[in-house]
Amino acid sequence: MESLIGTTTDQAPANPAATDDMLDTQPVGYWCGLTHTTVTRHLRDAMAKIDVTQPQYWVLNRVNGGPTAPSREEVIAQLTHLADGPHEIARVVDQLHHREWLRIDDGQRLYLTDAGEAARVQLRELATEVRAVVHQGISDEEYVAALKVLRRMVANVEGGGGS
């Protein structure tokens, strides 16, 4: 591996009180982790007030999001990487079925009920409100620039350093 010493800024320990002039030395992993934890907690707290979980929202969106009804197995396979464990999405499907927000046909295909669609719409509105809070004081251009930087960092680490 080619040495990059001398061409990069020294890495300082994570410092939640870092001033703007210190940010170039801060570890991106710390700040990304803190952002993920804080934003996820805020969203999940807002959803809890209406007795819904983020994984339930994922499932409602996934069931709604295609030209054909997905199977139970497809939904589980597509969302498990986001979940807190390998069985969480299967449980969520069962919860939503019990709540009568999902209907499951004989072929194990999933469909939103009218109540499920109403919940999905309500959650979409809530997620939009939460996004507005999170993005307060951040222009679309700044947001896009931040995501481009993060995407480039991922590519650098995964070996595809191109844009």
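Close-up 1. Arg-99 is partly exposed because its relative accessibility is 28%, whereas Asp-51, at 55%, counts as exposed. In this predicted model, the side chains of these two residues form a salt bridge with an N to O distance of 2.9 Å. The pair joins distant parts of the chain, 48 residues apart. Arg-99 sits in the loop between helix H4 (88–98) and strand S1 (102–104), and Asp-51 in the loop between helix H1 (28–48) and helix H2 (54–64).

**Close-up 2. Salt bridge between Asp-94 and Arg-72.** The closest N and O atoms of this salt bridge are 2.9 Å apart. Arg-72 is buried, with a relative accessible area of 16%, while Asp-94 is partly exposed at 40% relative accessibility.

**Close-up 3. Salt bridge between Arg-109 and Glu-74.** The two side chains meet at 3.2 Å, N to O. Arg-109 lies in the loop between S1 and strand S2 (110–112) and Glu-74 in helix H3, so the pair ties together parts 35 residues apart in sequence. Both residues count as partly exposed: the relative accessible area is 30% for Arg-109 and 32% for Glu-74.

**Note to the close-ups.** The structure holds five salt bridges, among them Arg-99 with Asp-51, Asp-94 with Arg-72 and Arg-109 with Glu-74.

Methods
Residues numbered from 1 in each chain as written. Predicted model: local features only at pLDDT ≥ 70, side-chain atom pairs only at ≥ 80, totals over all residues. Heavy atoms only, no water. Salt bridge = Lys/Arg side-chain N within 4 Å of Asp/Glu carboxyl O. Helix = DSSP H or I, 4+ residues; strand = E, 2+ residues; numbered from the N terminus. Buried < 20%, exposed > 50% of the residue type's maximum accessible area, 1.4 Å probe, protein only.
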